[in-house]
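Good morning, and thank you for coming. Please look at the structure on the screen while I take you through some of its parts.

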Amino acid sequence: MFRRRSRRAIRIVPLLMAALLLASCAVPGTGEDRPVTLTYWSWTSGSQELADRFNATHDHIRVTFEKVPAGTAGGYSKMFNAVKAGKAPDVVAVEYPQLPGFVTQQVLQPLDPYGVTDLGDQYPDWAWRQVALGGQVYGLPMNIGPTVMFYRTDLFAEYGLTPPTTWEEFRTTAETVAAEHPGVTLTNFGTNDAALLAGLAWQAGARWFDSGSGHWQVDATDEAGARFAGYWESLIDDGLVTARPTFAEQHVTQLQQGTSLTVLAAPWTAANIQRFAPDLAGRWGAAPLPAWPEGPASGNYGGSSLAVPRGADHPEEAMEFIRWVSTSPDAVEAVAQVNTSYPANTTLTDHWGTAIEAANPYVAGMDLPAAAGAAARTVNPAWEWGPDMTEGFARLVDEATAWIGRPEGIRTALARWQDATVDQLRQRGFTVPE
């Protein structure tokens with residue numbers, strides 16, 4: 001019996017060894033060789049295209065894109081709740097104003113352990129400062145929104161106008177338009193967009209927040225802010241510009257009918273203009289914003305970083321995807337047809353200009369690459385965001401909607417917003433000096 005079992009064992013052991021050997025060499029797509037799957041949450045156009053292009057060019061990581069509501073429309077709340085519930089996605093898009101709030105509430109993990117600091121010199125200093133907070137880096141800039149001016153080239157030519165290069169010239173041009181073309185205005189001042197309001201104040205030299213002293217200081221009514229507010233109030237009061245919600249029905253009608261000649265915005269806005277006025281292809285140009293007396297400057301209006309939430313299952317692979325999105329010409333080409341956002345990475349800007357003009361006939365010949373590049377180089381680096389701009393922007397929209405169009409409306413809206421912001425920060429335990 002003993003020998004019989006022994007001989008049987010001798011025959012079985014090689015079979016077991018062979019099976020174990022086969023099991024250790026996993027078939028591609030199973031076991032250890034199965035691609036790591038990342039979940040990517042965003043609402044920005046082109047996100048699905050980014051995931052598709054990445055998946056087509058990478059074997060060991062697969063990105064699954066899930067569209068969430070726009071950040072301030074519920075997307076950020078969804079992200080906060082997911083992290084709190086231990087169900088965090090691997091990658092999220094976070095706009096720069098909201099990033100400090102994500103950090104102070106410990107929603108994101110720092111990316112320093114994954115080599116992010118090696119990339120810092122590929123971005124403008126001011127853009128890198130948007131993601132480097134408290135000595136650590138919490139996101140990688142994907143795109144930025146240096147403020148520019150879109151203008152109707154056909155109507156400017158017909159009316160004998162040239163794009164104004166200073167705000168003084170802008171007012172003179174607005175007066176000419178109002179006098180010679182009743183019912184037409186040079187632009188619309190949006191009453192529903194806190195980020196644009198901030199971008200224009202930023203361009204004027206205002207600094208709403210400052211934490212350099214170790215405590216939060218809030219000042220939306222400083223000299224630069226008052227100059228910016230007073231300038232636009234005078235244009236509104238004199239009927240030289242309209243004051244309406246941007247891209248709401250009345251504003252869209254103005255654009256379609258040519259009764260509003262410019263849009264003050266950011267490169268990504270070209271896609272919005274195309275969506276609302278598709279028949280006006282080839283009739284738009286882009287130029288830097290008019291300058292204040294100190295010289296050319298720009299603020300930033302929009303743009304997003306990609307970040308990794310705390311609790312994400314695959315932070316190293318998430319960083320690889322984020323790095324690709326932010327540094328690869330392939331990523332620029334993937335979204336060029338649907339998204340005109342200006343890349344944050346300075347090594348990609350020339351490639352971006354070629355790609356969007358080739359992929360999108362609406363922006364071809366618009367001079368958007370030149371205008372955006374000039375604006376990006378002059379963004380004031382001193383700007384800082386407060387620790388909770390999700391709530392802060394919602395409050396600012398409420399104040400702007402209530403007051404802009406009334407006497408001293410912008411100044412009143414900013415002063416009321418400043419007081420409420422200080423109160424809110426103190427209630428949350430922050431020290432805000434008088």
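This is a predicted model: local features need pLDDT of at least 70, side-chain atom pairs count only at pLDDT 80 or more; totals for chains, interfaces and linings use all residues.

The strands β8 and β13 are antiparallel and are joined by four bridges.

These strands belong to an open sheet of three, arranged in the order β13-β8-β14 with antiparallel pairing. At its edges stand β13, residues 262-265, and β14, residues 284-288, each of which pairs on one side only. From one strand to the next, the twist averages 25 degrees.

Let us now turn to Thr147. Where is this residue found? Thr147 sits in the loop between β7, residues 143-144, and β8, residues 148-152. Is Thr147 buried or exposed? Its relative accessible area is 1%, and buried means under 20%, so Thr147 counts as buried. Its side chain makes a polar contact of 2.8 Å with the side chain of Ser298. If we leave aside neighbours within four places in sequence, the residues in contact with Thr147 include Gly199, Gln203, Ala265 and Tyr301.

Next, the helices. On the α8 side, the residues are Ala194, Ala195 and Leu197; they meet Phe393, Leu396 and Val397 of α16. What kinds of residue make up this contact? Six are nonpolar, with no polar and no charged residues.

Finally, there is an open sheet of five strands with mixed pairing, in the order β2-β1-β3-β15-β6. The edge strands β2, residues 61-67, and β6, residues 140-141, each have a single partner strand, so one side of each has no neighbour in the sheet. Within this sheet, β3, residues 91-95, and β15, residues 304-307, run antiparallel and are joined by four bridges. Ala93 stands opposite Leu306 of β15. Across β1, residues 36-42, and β3 lies helix α3, residues 75-84, which runs at about 135 degrees to β3.

Thank you for your attention.

Notes:
Residues are numbered from 1 along each chain as its sequence is written. Side-chain values use heavy atoms; hydrogens and water are left out. Two strands pair if DSSP finds at least two bridges between them. Helices (H or I, at least four residues) and strands (E, at least two) are DSSP runs, numbered from the N terminus. Contact means heavy atoms within 4.5 Å. Axes are lines fitted to C-alpha atoms, for helices over the stretch in contact, and angles run from 0 to 180 degrees between N-to-C directions. Buried means under 20% relative accessible area, exposed over 50%, partly exposed in between (1.4 Å probe, protein chains only). A polar contact is a pair of N or O atoms within 3.5 Å; within protein, one must be able to donate a hydrogen and the other to accept it, and residues adjacent in sequence count only if both atoms are side-chain atoms. Ala, Val, Leu, Ile, Met, Phe, Trp, Tyr, Cys and Pro count as nonpolar, Asp, Glu, Lys and Arg as charged, and the others, Gly among them, as polar.
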